[in-house]
Amino acid sequence: MRLSKVNAPFYAVIGDPIEQSMSPAIHNACLQQLGMEARYEAIHVPQVELEKQVERLVEAGCKGFNVTIPHKLRIMDLLDEIDPYARAIGAVNTVEVHGKRLKGYNTDGPGFYRGLSDFHQGNLRDAAVLVLGAGGAARAIVKTLIMKGVPNIAIANRTVSKAKDILEESGGVALSISAAEQRLTEYDIIINTTPIGMYPNEGAMPIDLSSVSSKSTLVDIIYNPLMTEFLRIGLEKGCAVQNGVPMFVHQAALAFEQWTGKEPDIDLMEEIIHQKLGGKPTC
Ligand code: ATR
């Protein structure tokens, strides 16, 4: 990465791999729409180069950057301050740069929550929620739901001990996938946070939906493909379904607001994602 100090503010996303990132497209479109003289770049940063590349970004005058796989945990060691909410979630995906000081935030969990509350009919606090998977995304989502006052949460995962770890302090039920399949009708909202069904393994299912109720809402945090097998079967069963686009654009919007103090156009962001993935907004 070669960066020279520039006068116009610039923002970035760092990760490995990063070539496929859609963040530059949505951030740059919103910066342009708001008439802001700033740009947003994707920068390939392998794990071993994290510290050095973060230093370079700061020296080059970067005002804020997103952090994606595999740096969301390691970045925390390089920050001067971590927002208490990100600390509670245990991961940072957004960094704000003030001079040489770095402050970390997590907008994944709140981004997910914004997307879900816009979509879900009824009070989320009354909903029984089943989360599939127990990785970083599940942790951010579950911790956020708990902080927002959603008390009835179960996590089903291939490795049940990882589900237990997330629920350790908050309570909630950790299940195997097959145990969750037996109890599927109990859940108002079922959220897939695993990569099962993601491009290029479309067609794979994180759980058998044979017994799902048509009253359940199914949410997949995957957005490529826009319609996963999990959502497709859910639709067939009469469920309300939401894909990963709202979470993605809301996490981006929250980062954008944090850095610029301005509200980006969510519809524009969604339109760009749909254009890039060659589909119509189906869910
Ligand atoms: P994240 O980016 O959220 O950290 P991840 O770690 O790649 O995502 O995976 C999230 C979850 O998907 C994990 O809990 C993982 O199960 P394990 O805890 O048992 O590893 C689950 N997962 C990923 N691939 C899977 C597969 N092929 N079958 C079942 N579960 C899978």
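Modeller: In this predicted model, strand S3 is largely enclosed by the rest of the structure, because five of its six residues are buried.

The pairing of S3 can be described one partner at a time. With S1, strand S3 pairs in the parallel sense, over five bridges. Within that pairing, Ala12 has Phe65 of S3 as its bridge partner. With S5, strand S3 pairs in the antiparallel sense, over three bridges. Here Gly64 stands opposite Glu96 of S5. In general terms, the strands of a sheet pair through backbone hydrogen bonds, either parallel or antiparallel.

These pairings belong to a wider arrangement. Six strands make up an open sheet of mixed pairing, and their order is S2-S1-S3-S5-S6-S4. At its edges are S2 (39-44) and S4 (81-82), each of which pairs on one side only. Beyond S5 in that order comes S6. S5 (residues 94-98) and S6 (residues 101-105) run antiparallel and are joined by five bridges.

The buried residues of H1 pack against S1 (10-15), S2, S3, H9 and H10 (266-276). Those buried residues of H1 (residues 23-33) are Ser23, Pro24, Ile26, His27, Ala29, Cys30 and Leu31. After H1 comes Gly35, which has a positive phi, near 70 degrees.

The largest pocket holds about 1700 Å³ of space. It is lined by 50 residues, and the closest to its centre are Ile69, Lys72, Ala137, Met198 and Ile221. S3 (62-67), H5 (136-147) and H9 each supply at least two residues of this lining. The largest share, five residues, comes from H5. By class, the lining of this pocket comprises 26 nonpolar, 19 polar and five charged residues.

H9 is itself mostly covered, with 14 of its 16 residues buried. Its length agrees with expectation, because 16 residues at 1.5 Å a residue should span 22 Å, and the C-alpha atoms at its ends are 22 Å apart. The expected span is 1.5 Å times one less than the number of residues. Gly261 follows H9, and its phi is positive, near 75 degrees.

Rolling a probe the size of a water molecule over the atoms shows where empty space is left. In this model the count comes to one cavity of 30 Å³ or more, and the volume of the largest cavity is about 30 Å³. Its lining consists of Phe112, Gly115, Leu116, Val219, Asp220, Gln242, Asn243, Gly244, Pro246 and Met247. Two or more of the lining residues come from each of H4 (108-119), S11 (217-220) and H9 (245-260). H4 gives the most, with three residues. By class, five of the lining residues are nonpolar, four are polar and one is charged.

Two of these lining residues, Asn243 and Gly244, are also contacts of Ile222. Ile222 lies in the loop between S11 and H8 (229-236). At 3% relative accessibility, Ile222 counts as buried, since the limit is 20%. Leaving aside neighbours within four places in sequence, the contacts of Ile222 are Asn192, Thr194, Pro195, Ile196, Gly197, Met198, Thr228, Asn243 and Gly244. Asn192 is 30 residues from Ile222 along the chain, and their C-alpha atoms are separated by 8.0 Å. Another contact, Met198, is one of the residues closest to the centre of the largest pocket.

Thr228 is found in the loop between S11 and H8 as well. Its relative accessible area is 1%, so Thr228 is buried. Not counting residues up to four places away in sequence, Thr228 touches Gly197, Asp220 and Ile222. Of these, Asp220 is part of the lining of the largest cavity, and Gly197 is a contact of Ile222.

Note on methods:
Residues are numbered from 1 along each chain as its sequence is written. This is a predicted model: local features need pLDDT of at least 70, side-chain atom pairs count only at pLDDT 80 or more; totals for chains, interfaces and linings use all residues. Side-chain values use heavy atoms; hydrogens and water are left out. On a 1 Å grid over the protein atoms alone, a cavity is a set of points where a 1.4 Å probe fits but cannot get out, and a pocket is an open set with protein on both sides within 12 Å along at least five of seven lines; lining residues have an atom within 4 Å of a point. Grid points are joined across faces, edges and corners, and a volume is the space filled by probe spheres set on the points. Helices (H or I, at least four residues) and strands (E, at least two) are DSSP runs, numbered from the N terminus. Ala, Val, Leu, Ile, Met, Phe, Trp, Tyr, Cys and Pro count as nonpolar, Asp, Glu, Lys and Arg as charged, and the others, Gly among them, as polar. Buried means under 20% relative accessible area, exposed over 50%, partly exposed in between (1.4 Å probe, protein chains only). Contact means heavy atoms within 4.5 Å. Two strands pair if DSSP finds at least two bridges between them.
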